Amino acid sequence: MAEDLRTERKGLILAVKDLPTLPKVLDEVARLVERSDSSTDEVAKLIAMDQVLSAKVLKMVNSPIYGFPGRISSIQHALVLLGFNVLRGIIVSTSVFEIMSENMVGLWEHSLGVALASSTVARAAGLRDPEEYSVAGLLHDLGKVVATVQLPELKGEIEQAVKTKDLLYIEAEKEVMGFGHDRINAWLADHWKLPPNIKEGLSHHHKPHLAQLYPDMACAVHIGDFMARVFEYGFGGDDNVTYLRPEALKRLKLKPVDVERILDHLSEQFLEIADLSFS
Amino acid sequence: MSRETDTRAAGYGFTRPQLVTLLTPDAEFAALMQGMWPESVMQVSHFTRGRRAIETLFNDPPDLLIVDGELADMPGLDVVSLVKSENVYRQLPVIYVISQEELESGRDWLAAEIDDFLARPLRPAEIRARVLLTLARASRSFDANPLTRLPGNTSIIHRIQELIDRREDFALAYADLDHFKSFNDKYGFSRGDEVLMMTARVIVNTIRSLPGIRSFVGHVGGDDFVFIVPPEVVETACQRLVATFDNIVPSFYDPEDRERGNIQSTDREGRLRTFPLMAISLAVVFNRDGSLKHYGEASQIAMSLKKKAKENPTSCYVLDQRRGDAPPPPSDLPG
C-alpha cells in the first residue's frame, strides 16, 4: 500500500474525537453516578463491561494532565483517581451509535467474552493481577470500533470481503485498509499513553509469539479470544475460530487438562452472562 | 495580621481588610480608589512617586500593587520589575495603568511581569471589577503547590486557625509516605512526582467520596499532605485511603520490583539495602469543644503521633486519644 495513504489513514484514526458506545451500559452508569450512595466498585464493574467507556476512562487517567501517564491499567483505580465529577463529564460527553447494527452489539458481547476468558486464563496460569488481563481482553478489538467510526466507508468493504472470501476479519482489514485492528490498537495505545502491558495485549493478541515485553499478556488475550469464539459468545466480525497458537499455551504452561478446566469454568460463566444484552 | 475573621471584609470573600498600594500622580484616581470600598474591606495607601514607595513595599508588602505607567520620578514598570525580580515579593499581584495610546501602540506583555491592566479613561465599574478579580486570582494561586496545585502551607495554617478560632469540631490528618525517599533515589524525581500526583488525587477523591461534609485538602510539600474532615468520618476516610493507596501504589514500580514486593537501593553509606513498597502513614488530631487553642498545638501533637504511625512499616493511621477524648464511633466500611 502506498505509504502516504497509510499515513493518512493513521492520522484519521488517531484524530478520533467522539467515540460512541451502545446505550445500555452508558445509561446505567449515568444513573449510578447520579446517586450519592453508589460506590466506585459498583460503577467500575459496570464500566468494565463496555469497551468504549473503559477506553475513555483509561485514556483520561493516563493523560499527562494527571501526572502519571502509562501507569494505570485498572478501571477501579482509574475511577478512584479521576473521581465521580470527571466521570460524570465523560458520561455526558459520550454519544451513542446512531445506527445500532447487530454487528456492533455482537462486537460488544465478544469483547466482554474475551475479557472474561482472558482473566480466567490468567488466573489458571497463576498470573498476578488478573483484572489487568480482563482489561486487555475487553479492549482487544477496540481498533475495529475506531476504524468503523473513523473510516466508515471501508467498513462495508471489509464485511463484504469477510463474507465473499471467507476471511478472518483481520485478514479482510489488511486487504481493504492495508493494516489490521492490531496495528490500530498499537497506534491508539501509544497515542493515549496506555500502560505498556495493556498495549502488548491489544497489539499482539493475533501474534503472541512475537510479543517482546509482556508475552504473558499477549498469550492470555490470544487464548481468551480463541475461547470466546469457541463458545460463540458475541460476534468478532467473522464466524471463524482463530488459530490457537500452541506457543501461547506453552508460554503460560497450560496443559490440556488446564485448558479443559478453563473451558468448563467458562461455560458456566458464559451461561451466567448469557441473558445480559447490549441491545 | 488579625486572627479574627472580619465579618465586613468577609462579605467580599476576604478574611481581613486588603492592603492596596497605589502609585499614581493622578489625585482624582487616588480619591476614586479610596472612596470605592470601606476601610474594613480595602485600605488604600497612595504614593505619587515611585522611589518613596519602594521601601514601604519591601518592608510591608501589600496584597495588591497598582502602578501608573507615568510616575514623576521613574517609569512605573521599573518599580514593577524591582518588586517582581525578588522571589519573596513575586507573588504580589500588580495592576498596571496605561493610556489608550500605550495600549494601541502595543507593548511586550510577556516581558512585563504584570498581572492585569487598566486603560484610561478609567471607569469606576471596571476598576472595581479588575481589583477584585486580581485579588481573588492571587489568593487562589498564591501558595498552591506547584506540582499538585493543592493549597500550600499558608492556606493550611490559615484554615486550621480559622476553625480553631470558630471553635468548630474537626479532625486534622497529616499524611506522609514511608520509603518515598528510597523510591526517589532508585527511580528519580520525576517518578517520585508521579507518586505525589497519585497520592494527591487519591486523598482528594477519597475525601470527596464522603457525602455531604465540609472538607479541606492541602499539600505541605514533598510527601506531606493534610486533610480536614468532621471527626465522625475521619476513621472511614483513613481506612479508605490506606486501602486505596496500597492497591494503587504497586503500579508505580517496575514489573520486577512489583513482583518482588520491594526495591533495592543504596543508602547514605553506599550500602545496598532492601526497602519495602511505599506505604501511607496518617496521624489524626482532633479539635473537640475547643480543645485546641492554636495551630502549633495541632502540629505538635501530630508530629508525635506520626512517630507512632511510622513504627508500623505498612500503611496505617493513628488517632489522637489524649485528654480523655472519646474515640469516634467505629464506622463500618461501606462497599
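Begin with chain A: among its contacts between residues at least 6 apart in sequence, 67% join residues at least 24 apart, where two residues are in contact if their C-beta atoms, placed from the backbone, lie within 7 Å. What you are viewing is a predicted model, in which local features need pLDDT of at least 70 and side-chain atom pairs count only at pLDDT 80 or more, while totals for chains, interfaces and linings use all residues. Residues are numbered from 1 along each chain as its sequence is written, and chains are lettered from A and ligands numbered from 1 in the order in which they are written.

**The two chains**

With chain A still selected, colour by secondary structure to find 15 helices and 0 strands; helices (H or I, at least four residues) and strands (E, at least two) are DSSP runs, numbered from the N terminus. The C-alpha atoms of chain A fill a box of roughly 50 × 45 × 35 Å along the principal axes. Its radius of gyration is 18 Å, which agrees with the value near 19 Å that a compact globule of 279 residues would have; the radius is taken over C-alpha atoms, and the globule rule is 2.2 Å times the number of residues to the power 0.38. Buried residues make up 47% of chain A, a residue being buried if 20 or more other C-beta atoms lie within 10 Å of its own, exposed if 12 or fewer, and partly exposed in between, with C-beta atoms placed from the backbone.

Now select chain B, which has 12 helices and 12 strands and whose C-alpha atoms fill a box of roughly 70 × 50 × 35 Å along the principal axes. Of its 335 residues, 34% are buried.

**Where the chains touch**

Show both chains together and select the contact, which takes 12 residues from chain A and 16 residues from chain B. On the side of chain A, helix H5 (residues 75–93) gives the most, with 4 residues. By class, that side of chain A has 5 nonpolar, 5 polar and 2 charged residues, where Ala, Val, Leu, Ile, Met, Phe, Trp, Tyr, Cys and Pro count as nonpolar, Asp, Glu, Lys and Arg as charged, and the others, Gly among them, as polar.

**The sheet in chain B**

Next, select the open sheet of 5 strands in chain B, which has the order E7-E8-E6-E11-E12 with mixed pairing; two strands pair if DSSP finds at least two bridges between them. Strands E7 (216–221) and E12 (316–319) of chain B stand at the edges with a single partner strand each, so one side of each is left without a neighbour in the sheet. Strand E11 (residues 279–287) of chain B pairs with E12(B) in the parallel sense over 4 bridges, and B:Ser281 has B:Cys316 as its bridge partner in E12(B).

Axes here are lines fitted to C-alpha atoms, for helices over the stretch in contact, and angles run from 0 to 180 degrees between N-to-C directions. Helix H12 (residues 295–311) of chain B lies across E6, E11 and E12 of chain B, at about 145 degrees to E11(B).

**The cores**

Select B:Leu172, which is among the residues with the most contacts inside the largest nonpolar core, a set of 134 residues. Such a core consists of buried Ala, Val, Leu, Ile, Met, Phe, Trp, Tyr and Cys residues joined through C-beta atoms within 7 Å. Beyond neighbours within four places in sequence, the contacts of B:Leu172 include B:Ile160, B:Val226 and B:Val284. A second, separate core of 29 residues includes B:Ala53, B:Leu92, B:Ile95 and B:Ile114.

Then move to B:Leu64 in strand E3 (residues 64–68) of chain B, which counts as buried because 23 C-beta neighbours lie inside 10 Å. The C-alpha atoms of B:Leu64 and B:Glu232 are separated by 40 Å.

**Backbone details**

Most residues other than glycine have a negative phi, and most peptide bonds are trans. Select B:Arg120 and B:Pro121 to see a cis peptide bond, with omega about 0 degrees; B:Pro121 lies in the loop between strand E5 (116–119) and helix H6 (124–141) of chain B. Finish at A:Lys193, where phi is near 55 degrees, in the loop between helix H11 (181–191) and helix H12 (196–203) of chain A.
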